[in-house]
Amino acid sequence: MDHLNEQFQVDIKTSYNWYVFDWYKTFDFGPQSKENFREFENSNIGRPVSPSDYYHNMSNGEIDYNQANTASISPFDSVWLYPDQKYSDDISKGLFLKNNIFSVGPFDIPPGGILKIPFAYVAGENFHTDPTNGDNLPDFPEVYYNNLDFSD
């Protein structure tokens, strides 16, 4: 068992990246930190295309901000790239399909080896407490979040 503990003393990163795009290829967007910026192979900054693009997202160690905050990112933000303002309001409102990449690693696993990583996707009832709460986006994301019920 000590050998396993030694193996996992490496720098394990957790990454959560999301992105949106439209099928007509008029835009792709995904939050990127200024520190880890990468233009993907199809000349966008949102949707990864190649294996190296996906690997970048899986290994960057970023936890992206909440989608509802997209329109709140300013051009002077010290961490995040400034979103394209043509679509940021609609992205904040959730009007485009959001894709998610969640990863943890790296791990060296021998051929035929097994590594179990617990993961839970948790949802609750009555999360939305106000049927008009979406009207708070994109201008008031803090009011939007205050009207969500995380108790369940």
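Trainee: What is the strand order in the open sheet, and is the pairing parallel or antiparallel?
Mentor: The open sheet has three strands in the order β2-β1-β3, and their pairing is antiparallel. Please keep in mind that this is a predicted model.

Trainee: Which strands are at the edges?
Mentor: The edge strands are β2 and β3, each of which pairs on one side only.

Trainee: How many bridges join β1 and β2?
Mentor: Strand β1, residues 13-21, pairs with β2 over two bridges in the antiparallel sense. Within this part of the sheet, F21 stands opposite D28 in β2.

Trainee: And which strands does α2 touch?
Mentor: Helix α2 packs on the sheet and touches β1 and β3. The direction of α2 makes about 130 degrees with that of β1.

Trainee: Changing topic, how many salt bridges does the structure hold?
Mentor: The structure holds two salt bridges. In one of them, the side chains of D28 and R47 meet at 3.4 Å, N to O.

Trainee: Where do D28 and R47 lie in the chain?
Mentor: D28 is in strand β2, residues 28-29, while R47 is in the loop between β2 and α2, the helix of residues 51-59. The two residues are 19 apart, and the pair links distant parts of the chain.

Trainee: Is D28 buried or exposed?
Mentor: D28 has a relative accessible area of 16%, so it falls under the 20% limit and counts as buried. R47 is likewise buried, with a relative accessible area of 17%.

Trainee: Which side chains form the other salt bridge, D53 with what?
Mentor: The side chains of D53 and R38 meet in a salt bridge at 3.0 Å, N to O. Because D53 lies in helix α2 and R38 in the loop between β2 and α2, this pair ties together parts that are 15 residues apart in sequence.

Trainee: What is the relative accessibility of D53?
Mentor: D53 has 0% relative accessibility and counts as buried. R38 is at 25%, so it is classed as partly exposed, a category that lies between the 20% and 50% limits.

Trainee: One more residue: where does V122 lie?
Mentor: V122 lies in the loop between β3, residues 98-105, and α4, residues 141-146.

Trainee: What separates the C-alpha atoms of V122 and K25?
Mentor: Those C-alpha atoms are separated by 32 Å, and V122 and K25 are 97 residues apart along the chain.

Definitions and conventions: Residues are numbered from 1 along each chain as its sequence is written. This is a predicted model: local features need pLDDT of at least 70, side-chain atom pairs count only at pLDDT 80 or more; totals for chains, interfaces and linings use all residues. Side-chain values use heavy atoms; hydrogens and water are left out. A salt bridge is a side-chain nitrogen of Lys or Arg within 4 Å of a carboxyl oxygen of Asp or Glu. Helices (H or I, at least four residues) and strands (E, at least two) are DSSP runs, numbered from the N terminus. Buried means under 20% relative accessible area, exposed over 50%, partly exposed in between (1.4 Å probe, protein chains only). Two strands pair if DSSP finds at least two bridges between them. Contact means heavy atoms within 4.5 Å. Axes are lines fitted to C-alpha atoms, for helices over the stretch in contact, and angles run from 0 to 180 degrees between N-to-C directions.
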